[in-house]
Amino acid sequence: MRKFFYSFALLVVAAMVFTQIAAKAKLADLAIGKPAPDFTLEDQNGKTVHLADLKGKIVVLEWFNEGCPFVQKHYSTGNMNAVASKHTGEDVVWLAINSSKSANNASNLKAAKEWSMDRPILNDASGAVGKAYGAKNTPQMFIINKDQTVAYRGAIDSKASAESEDIAGSTNYVAQALDELKAGKSVSQAETKPYGCSVKYAD
């Protein structure tokens with residue numbers, strides 16, 4: 001009987017610890033059409049970016065980690081820069097967000113220079129913004145409509161691979177969604193399953 005109670009007590013303690021960990025690391029489940037959580041973060045140059053200031057524009061959020069092979073696939077080939085350059089402009093803003101616990105402005109600046117990124121990499125080392133959006137992977141993508149509701153969330157493309165040769169044969173969901181939004185249409189494929197490295201949150 002004593003052995004039974006001892007085992008039961010261990011199970012209870014384990015369950016409590018698991019519950020605490022799960023609650024601590026809980027990510028939001030941000031639905032399509034719902035308001036995008038507002039945020040204010042610093043970019044690699046120390047400039048403050050406030051999402052609310054971008055109302056009236058389409059905003060692409062790209063969860064980023066320079067050490068992730070899935071991210072490297074899209075940058076070493078120039079694919080991510082090409083898609084961003086083609087689709088950003090007067091009505092579209094593209095923001096990378098680094099929610100890794102090791103992120104800082106200096107490392108983001110180094111990555112921006114190495115990969116010729118001419119757009120902000122925002123420092124979310126606390127993980128608060130990533131968790132508010134439910135970002136699990138890099139590169140995970142969100143598109144915020146002009147009214148600051150979520151128009152798309154999910155993968156960058158249709159091939160969950162770190163191999164650069166798979167880019168050519170994939171459907172770029174973000175490019176597709178941006179084309180539709182800029183044409184005044186709703187996003188036909190508003191949600192896809194993200195893939196990539198897990199976001200290395202601080203807790």
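Student: How many bridges join S7 to strand S8?
Tutor: Strands here are DSSP E runs of at least two residues and helices are H or I runs of at least four, numbered from the N terminus. Two strands pair if DSSP finds at least two bridges between them. S7 and S8 (residues 150–155) run antiparallel, and the number of bridges joining them is five.

Student: What are we looking at, and which residue takes a positive phi in the hairpin of S7 and S8?
Tutor: This is a predicted model, where local features need pLDDT of at least 70, side-chain atom pairs count only at pLDDT 80 or more, and totals for chains, interfaces and linings use all residues. Residues are numbered from 1 along each chain as its sequence is written, and side-chain values use heavy atoms, with hydrogens and water left out. The hairpin has five residues between the strands, and the one with a phi near 65 degrees is Gln148.

Student: Which residue of S7 stands opposite Leu61?
Tutor: Strand S3 (residues 58–63) pairs with S7 in the antiparallel sense over four bridges. Opposite Leu61 in that pairing is Phe142.

Student: How many residues of S7 are buried?
Tutor: Buried means under 20% relative accessible area, exposed over 50%, and partly exposed in between, with a 1.4 Å probe and protein chains only. Gln140, Phe142 and Ile144 point one way, Met141 and Ile143 the other, and all are buried. For S7 (residues 140–144), the count is five of five.
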